[in-house]
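This report describes a single protein chain, element by element. The sequence and the model are shown first.

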Amino acid sequence: MKKSITAIIGIAVVIGLVILTAGCVGSQGQSGVQPGDETEIAKLIEDHIPQEQVIMLGTASASGVPNISPIGTFITAKNRIILGNLHMSKTLANIQENPQVTILVMNTDKGYCLQFKGTAEIKTNSDEHKLINELVEERLGDTAQAKNVVVITITEVYNSMPDSNAGQRTA
């Protein structure tokens, strides 16, 4: 069972990287939902990204070299996902070169795999940074601190399940 879950996660990560670097299949005008529908995006984030799970963050350098990182320290706020940077050197370098990112979340038990696309911004000494450091302190103790935060404003959401709706925009 563990091996099959690992294989599914591995396949989803590869799919996410392919979509990140090549563009999403069928991303034009599907399902009648307009890109940037903040209410629908906020609902999808709330329903599919519980704060205790690990999410996969995909970035790419300016020249298109992909990178993917598991992220476990984050909070959600409406159509934004705020990540704590405890040790993301390559990810931060990519965001500085290319702020377009993707987050892949999946739950095979509940039958979903979604890709959240958006624009990232690195912030230090902000309200978001303070909130993340409170979460870090709660989880890791008062000696741990996030160096900064990555605030991602989600603008589109795509289905990444390997089914007939794969690649379709849901919001």
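The buried residues of H3 are Thr 91, Leu 92, Asn 94 and Ile 95. Around the helix axis they span an arc of only 160°, and therefore lie on the same side of H3. Ser 89 and Gln 96, on the other side of H3, are exposed. The cover over the buried residues of H3 includes strands S1, S2, S4, S5, S6 and S7.

These coordinates come from a predicted model. The protein has a mean pLDDT of 80, and 78% of the residues score at least 70. Confidence is highest in S1, at 96, and lowest in helix H1 (residues 2–22), at a mean of 42. Over residues 1–33 the pLDDT is below 50, although this stretch has 46 contacts in the model beyond near neighbours in sequence. Where pLDDT is low, predicted coordinates should not be read in detail.

## Overall organisation

The protein contains four helices and seven strands. Read from the N terminus, its elements follow the order α-α-β-β-β-β-α-β-β-α-β. Of the 171 residues in the protein, 44% are buried. Among contacts with a separation of 6 or more, 69% join residues 24 or more positions apart.

| Strand pair | Bridges | Partner residues |
|---|---|---|
| S1 and S5 | three | Met 56 and Leu 104 |
| S3 and S4 | four | Ala 77 and Arg 80 |

S1 and S2 form a hairpin with five residues between them, and Gly 64 in the turn has a positive phi of about 95°. Is S1 mostly covered or mostly open? S1 is mostly covered, with six of its six residues buried. Ile 55, Leu 57 and Thr 59 point one way from S1, whereas Met 56, Gly 58 and Ala 60 point the other way, and all are buried. In a regular strand, side chains alternate between the two faces of the sheet.

## Helix H2

In helix H2 (residues 38–48), the buried residues are Ile 41, Ala 42, Leu 44, Ile 45 and His 48. Seen down the axis of H2, these residues fall within an arc of 160°, so they line one face of the helix. The exposed residues Thr 39 and Glu 46 are carried on the face of H2 turned away from its buried side. What do the buried residues of H2 pack against? They pack against S3, S4, S5, S6 and S7. S1 and S2, by contrast, are among the strands that cover the buried residues of H3.

## Helix H4

Asn 133 is located in helix H4 (residues 127–140). Asn 133 counts as buried because its relative accessibility is 11%. Leaving aside neighbours within four places in sequence, Asn 133 is in contact with Gln 145 and Ala 146.

Arg 139 also lies in helix H4. Its relative accessibility is 39%, so Arg 139 counts as partly exposed. A polar atom of the Arg 139 side chain lies 2.6 Å from the backbone oxygen of Gly 72. Arg 139 and Thr 73 are 66 residues apart in sequence, and their C-alpha atoms are 9.0 Å apart in space.

Technical notes:
Residues numbered from 1 in each chain as written. Heavy atoms only, no water. Pairing = 2+ DSSP bridges. Helix = DSSP H or I, 4+ residues; strand = E, 2+ residues; numbered from the N terminus. Buried < 20%, exposed > 50% of the residue type's maximum accessible area, 1.4 Å probe, protein only. pLDDT = per-residue confidence, 0-100. Contact = heavy atoms within 4.5 Å. Arc of directions from axis to C-beta. Polar contact = N/O pair within 3.5 Å; in protein donor to acceptor, adjacent residues only side chain to side chain.
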